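Thanks for coming. I will go through one protein model, and please have the sequence and the structure open while I talk.

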Amino acid sequence: MSIAKELQARLTKSKISYEELYGILQQSSKNQAIYTDSKSTHKNPHKSTKKSAVKSSVVKSAKKSVEKNLGQDFGDRLESSLDFTQDFAKDFGTRDFDKDFDIEEAYLQVELLRAQGLPLESSGDTYFLAHNELSWREQEFCFVDIETTGSKPQEHQIIEIGAIKWKNGKILGEFSELIHAYFVPETIVEITQITPKMLENARKEREVLRDFREFLAQSVFVAHNVGFDYGFVSAAMEQAGLYKLLNPKLCTIDLARRTILAKRYSLQYLNEFLGINTPTSHRAYADALTALKVFEISLLSLPKAVRTTQDLIDFSKSAM
């Protein structure tokens, strides 16, 4: 099990202490890299190098890799957050950790998990996932839709991303961009009206995905049939060397089924049935907007017991 999956599994159930968190990282650190880029992988270099030199090397290399793959803001945050590790490492200096385990290196790992969208927060001496505690009214949601050249991220690519960041009834930001592609199947052109000529001067997929990750940040990723959009974007990011997504996610199909009585739950049907009437379909921004409207209508029928973001995610997944 990966570090991210283990942490998500543990933290979904309860908070964990610093000791538990770094115990997980200690077990995982022996044969795993903290970070990777297209040219190198770094594994526990402190075994044969002085710790002070290692810290400088690891921090410098990690910051460079993060800035390249995730953006300047993430790199600056990573560097500034490491000021905390000097006192933190001293505090853990007498704890029962493996002699080869480097607390500062582990803290880099934590920051990289956060940069991938894992909403990991701390209070006192415990760690928790922010959306477990946060009211859904105070949560930032990012409604996402993509258009692609096919259904398999290993064989096809994204040609358009549309996203809307939303919190408690207010739109906080919008993202909409076409992505360069040399070929678009005729069936996709017929559905989306996106032609190869429209994509000739568009930016490359990696550039757009990098900016989209920064826009998404640690928001909850929301989509109509979220498994497809989330899985495709995450796979595309990983293939481009941008790290996979770790954001929490919510599906508006699932939520609509729990809150809206309808014959069908396709986005096109709900758009008409609910009187949303977004004029365009099968274009990324328009479909993201329709998914947002479906979400807002679903919120009107939420039980009072649904208070936190995790409550909302759990409710959407629960059986009727």
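A contact here means heavy atoms within 4.5 Å. Among contacts in the protein between residues at least 6 apart in sequence, 66% join residues at least 24 apart.

Now the ground rules. This is a predicted model, where local features need pLDDT of at least 70, side-chain atom pairs count only at pLDDT 80 or more, and totals for chains, interfaces and linings use all residues. Residues are numbered from 1 along each chain as its sequence is written, and side-chain values use heavy atoms, with hydrogens and water left out.

The protein has 15 helices and eight strands; these are DSSP runs, H or I of at least four residues for helices and E of at least two for strands, numbered from the N terminus. Of its 320 residues, 51% count as buried, meaning under 20% relative accessible area, with exposed being over 50% and partly exposed in between, for a 1.4 Å probe and protein chains only.

Next, helix 11, residues 226–239. Its 14 residues reach 20 Å from first C-alpha to last, close to the 20 Å expected at 1.5 Å a residue; the expected span is 1.5 Å times one less than the number of residues. Buried residues in helix 11 include Y230, F232, V233 and M237. What covers the buried residues of this helix includes strand 4 (141–148), strand 5, helix 10, strand 7 and strand 8 (249–251). Just after helix 11, G241 takes a positive phi of about 80°.

Which residues other than glycine have a positive phi? N168 is one of them, with phi near 50°, and A217 is another, at about 50°. N168 lies in the loop between strand 5 (158–167) and strand 6 (170–178), and is partly exposed at a relative accessible area of 43%. A217 sits in the loop between helix 10 (205–216) and strand 7 (220–223), and counts as partly exposed at 29%.

Last, a helix pair. The axes of helix 12 (residues 252–259) and helix 14 (residues 284–299) come within 9 Å and cross at roughly 30°; axes are lines fitted to C-alpha atoms, for helices over the stretch in contact, and angles run from 0 to 180 degrees between N-to-C directions. T252, L255, A256 and T259 of helix 12 make the contact with A291, V294, F295 and S298 of helix 14.
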